[in-house]
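Thanks for asking me to look this one over.

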Amino acid sequence: MHQIERIRKRQLRFALGVGIPYFAFVIGTFLLVYLASAWVTGVSILGFPLHYWLVAIAIYPITWGLFIWYVSKANQIEDEISEIVEGE
């Protein structure tokens, strides 16, 4: 059981290590758009203002990529727990 507790703590560190920077990135992006709105709306990429790219287009692929990577790593950690439980 001591091994499972170590793995659970590793899961928590992993979740916080991914979650906190991700939420900081999302909040930072929205703050950038809000606080520097004059500059952000003045920049255009492929005919779209930069704030469209930041809050509507860039966030979603980053979120999905991070989600896919996170779930695969979390599943690996869960597999370690099931191996330990089966071995007991």
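The points below go from the ground rules to the helices, the salt bridges, the surface and one loop.

1. Ground rules. This is a predicted model, so local features need pLDDT of at least 70 and side-chain atom pairs count only at pLDDT 80 or more, while totals for chains, interfaces and linings use all residues. Residues are numbered from 1 along each chain as its sequence is written, and side-chain values use heavy atoms, with hydrogens and water left out.

2. The helix pair. Start with helix 1 (residues 2-35) and helix 3 (residues 50-87): their axes come within 11 Å and cross at roughly 180°. Axes here are lines fitted to C-alpha atoms, for helices over the stretch in contact, and angles run from 0 to 180 degrees between N-to-C directions. Helices (H or I, at least four residues) and strands (E, at least two) are DSSP runs, numbered from the N terminus. Helix 1 and helix 3 are therefore roughly antiparallel, a label for angles over 145 degrees.

3. What the contact is made of. Where helix 1 meets helix 3, the contact residues split into 23 nonpolar, five polar and five charged. Nonpolar covers Ala, Val, Leu, Ile, Met, Phe, Trp, Tyr, Cys and Pro; charged covers Asp, Glu, Lys and Arg; the others, Gly among them, count as polar.

4. How many salt bridges does a search of the whole structure find? It finds three, each being a side-chain nitrogen of Lys or Arg within 4 Å of a carboxyl oxygen of Asp or Glu. One joins the side chains of E80 and R10 at 2.7 Å, N to O. E80 sits in helix 3 and R10 in helix 1, so this pair ties together parts that are 70 residues apart in sequence. Another joins R8 and E78 at 3.4 Å, N to O. That pair also links distant parts of the chain, with R8 in helix 1 and E78 in helix 3, 70 residues apart.

5. How open those residues are. Buried means under 20% relative accessible area, exposed over 50%, and partly exposed in between (1.4 Å probe, protein chains only). R8 counts as partly exposed at 41%, and E78 likewise at 33%. E80 is partly exposed at 29%, and R10 at 32%.

6. K9 pairs with E5, the closest N and O atoms being 3.7 Å apart. Both lie in helix 1, four residues apart, or about one turn of the helix. K9 is partly exposed at 48%, and E5 is partly exposed at 46%.

7. A nonpolar patch. F23, I27, L31, Y34 and L35 form a nonpolar patch on the surface, with about 610 Å² of accessible area together. Patches take residues with over 30% relative accessible area and no salt bridge, nonpolar side chains being joined within 5 Å; areas come from the Shrake-Rupley method with a 1.4 Å probe. F23, in helix 1, is exposed at 53% relative accessible area.

8. A loop residue to look at. Which residue has a positive phi although it is not a glycine? L46 does, with a phi of about 55°. L46 lies in the loop between strand 1 (44-45) and strand 2 (48-49), and is exposed at 74% relative accessible area.

How values were computed. Parallel < 35°, antiparallel > 145°, perpendicular 65-115°, else oblique. Patch = residues over 30% accessible without salt bridge, like charges linked within 9 Å, V, L, I, M, F, W, Y side chains within 5 Å.
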